[in-house]
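Me: I have this one open for the first time. Can you walk me through a few spots in it?

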Amino acid sequence: MERKKITLPLTRELAKTLHAGDQVLLTGTIYTSRDAGHKRMCEALAKGEKIPFDPTDATIYYVDLLLQNQCSYRFRSPTTSGRMDAYAPTMMSVGARGMIGKGARLPEVEDAMKKYDGCILRSYRRRRCTSR
């Protein structure tokens, strides 16, 4: 399967061109956060405060803790998207469009994706070396 090369931000029009099963290569700005960060951002939005970045057409990568693998280099791994399900509809309502993570999403998140033309991008960690 051919990979689609996408330059972020992920606009509404661009998101509409993606289909289930598409493989994509992303370039551009990707924000990282997990549940605690999403909670703080949603609390700030509820108070009418700004969040640390403009969420319009933003793509957010749901990251887990910093890990060190057998090859002794450090990388970020995807975390379970379901941890952000309570916050994803709010983030999409203010313009965030792409979400990178792993795992299933709740129906409420899927409904918000349809309403705001959001996009779930599944992330799969691949080991690039063998044990020594």
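Predicted model: local features only at pLDDT ≥ 70, side-chain atom pairs only at ≥ 80, totals over all residues.

Me: Is S81 buried or exposed?

Reply: S81 is buried, with a relative accessible area of 1%.

Me: And which residues is S81 in contact with, leaving aside neighbours within four places in sequence?

Reply: Y62, G101, K102, G103 and R105.

Me: Changing topic: which residues touch the most other members in the largest nonpolar core?

Reply: F53, M91 and M92 do, in a core of 18 residues. At least two residues of this core come from each of α2 (35-46), β4 (59-68), α3 and α4 (107-116).

Me: What does M92 touch, not counting residues up to four places away in sequence?

Reply: M92 touches M99, V109, A112, M113, Y116 and G118. There is also a second, separate core of 10 residues, with L8, L18, I100 and C119 among them.

Me: OK, aromatics. How many aromatic pairs does the structure hold?

Reply: One. The ring centres of Y31 and F53 are 4.1 Å apart and the planes are at 20°, so this pair is stacked.

Me: Where do Y31 and F53 lie?

Reply: Y31 is in strand β3 (residues 31-33), while F53 is in the loop between α2 and β4, so the pair ties together parts 22 residues apart in sequence.

Me: Buried or partly exposed, those two?

Reply: One of each. Y31 is partly exposed, at 28% relative accessible area. F53 counts as buried because its relative accessibility is 14%, and the cut-off for buried is under 20%.

Technical notes:
Residues numbered from 1 in each chain as written. Heavy atoms only, no water. Buried < 20%, exposed > 50% of the residue type's maximum accessible area, 1.4 Å probe, protein only. Contact = heavy atoms within 4.5 Å. Core = buried A, V, L, I, M, F, W, Y, C linked by side-chain atoms within 4.5 Å. Helix = DSSP H or I, 4+ residues; strand = E, 2+ residues; numbered from the N terminus. Phe/Tyr/Trp six-rings, centres within 6.5 Å; stacked < 30°, edge-to-face > 60°.
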